[in-house]
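The sequence and the coordinates are shown first, and the description follows them.

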Amino acid sequence: MIPTNLAVKLVERSWWLGFLRLKHAGTKKHQESMLSVSNSRPLSQMLTRDCHSDQVKRAEIKVAAFIVEHNLPFRVMDHLSGLVSTSFPDSKIAQDFSSKRTKTRSIIKNVMAKRFRDQLEEVLKDVKFSVIIDETTDIAAKKQLAIVVRLYCNWEKRVTSSFFKLIEVTAADADHITAAVLDSFEKVGIPTSNIIGFAADTTNVMIGSHHSVATLLKVKIPDLFTMKCLTPLCFTCM
């Protein structure tokens, strides 16, 4: 049996806590908190919404990949985005599909390109491959060096060519081009010993017998196989 004085104290404490609870319920802060809770969505709706949002993003990425694969202009997306929504009114994904040229360009540049580049870099760390390069000058009179790698693709079971990188070079001589090629692989952890072949146009800077990109690469990679690009030779014959 609980002593009388202890029972009185428990009743007083219970009454006091109840009074504080009622007093707090009338405060502005409590009412605002309760309002935010009442307006929040159930967890099931939040999970459904996230799933739907992922489906919309997946659709936008697939369409962006379609634009790249078929070499279509980004301006097409200004019309296609609205066409998808109006053509499929019974699809919630189509209704929320919104990817015009600015967003599509951003998806390709910041999402797809980075993903594919990271995958290619990881593959090149473990396989042998050849390098094809070509130097050009853009409209801003800046020298650009395009690097393409050619390798055997295990998942496609065939030899493929993949664009690796476009880098700006300060000069178009053999030393600068060679340094740019080697640095582009070494900076991402790709061993230059994996390079087994090199091809470029028939200029002396690229394939010359004395102090060319080919000869400088052979100093670094003694067993490197070099080959002149056949296209310039065909044009010369014609």
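The second largest pocket is lined by twelve residues, and those nearest its centre are S130, I132, F198, A199 and M227. The model is predicted, so local features need pLDDT of at least 70 and side-chain atom pairs count only at pLDDT 80 or more, while totals for chains, interfaces and linings use all residues. Residues are numbered from 1 along each chain as its sequence is written, and side-chain values use heavy atoms, with hydrogens and water left out.

## Pockets

A pocket is here an open set of points on a 1 Å grid over the protein atoms alone, with protein on both sides within 12 Å along at least five of seven lines, whereas a cavity is a set of points where a 1.4 Å probe fits but cannot get out; lining residues have an atom within 4 Å of a point. Grid points are joined across faces, edges and corners, and a volume is the space filled by probe spheres set on the points. Helices (H or I, at least four residues) and strands (E, at least two) are DSSP runs, numbered from the N terminus.

For the second largest pocket, the volume is about 170 Å³, and β1 (129-137), β4 (195-200) and β5 (225-228) each supply at least two residues of its lining. The largest pocket holds about 630 Å³ of space; it is lined by 20 residues, of which F116, Q119, L120, S162 and F163 are the closest to its centre. At least two lining residues of the largest pocket come from each of α3 (43-69), α6 (101-124), β2 (143-153) and β3 (158-169), and α6 provides the largest share, eight residues. The largest pocket lies between domain 1 (51-117) and domain 2 (127-228), because both give residues to its lining; the domain bounds come from an automatic or database domain assignment.

## Aromatic pairs and the nonpolar core

Rings of Phe, Tyr and Trp (its six-membered ring) pair if their centres lie within 6.5 Å, and planes under 30 degrees apart count as stacked, over 60 as edge-to-face and the rest as tilted. By this criterion, a search of the whole structure finds two aromatic pairs. In one of them, the rings of F129 and F185 have centres 5.4 Å apart and planes at 40°, so the pair is tilted. This pair links distant parts of the chain, since F129 lies in strand β1 and F185 in helix α7 (residues 174-186), 56 residues apart. In the other, F164 and F185 have ring centres 4.7 Å apart and planes at 15°, and the pair is therefore stacked. Here too distant parts of the chain are linked, with F164 in strand β3 and F185 in helix α7, 21 residues apart. F129, F164 and F185 form one aromatic cluster.

Residues are called buried under 20% relative accessible area, exposed over 50% and partly exposed in between (1.4 Å probe, protein chains only). F129 is buried at 1% relative accessible area, F185 is buried at 0%, and F164 is buried at 4%.

A nonpolar core is a set of buried Ala, Val, Leu, Ile, Met, Phe, Trp, Tyr and Cys residues joined through side-chain atoms within 4.5 Å. The largest such core has 30 residues, and L124, F129, I133, L145, I147, F185 and F198 touch the most other members. At least two residues of this core come from each of α6, β1, β2, β3, α7, β4, α8 (204-207) and α9 (213-220), and α7 gives the most, six residues.

## Loop residues

Although N71 is not a glycine, its phi is positive, at about 55°; N71 is found in the loop between α3 and α4 (76-87) and counts as exposed at 69% relative accessibility. H211, also a residue other than glycine, has a positive phi near 50°, and H211 is found in the loop between α8 and α9.

K100 is placed in the loop between α5 (92-96) and α6 and is partly exposed, at 48% relative accessibility. From C-alpha to C-alpha, K100 and G82 are 8.7 Å apart in space and 18 residues apart in sequence. S98 lies in the loop between α5 and α6 and, at 43% relative accessibility, is partly exposed. S98 and D78 are 20 residues apart in sequence, with 9.5 Å between their C-alpha atoms.
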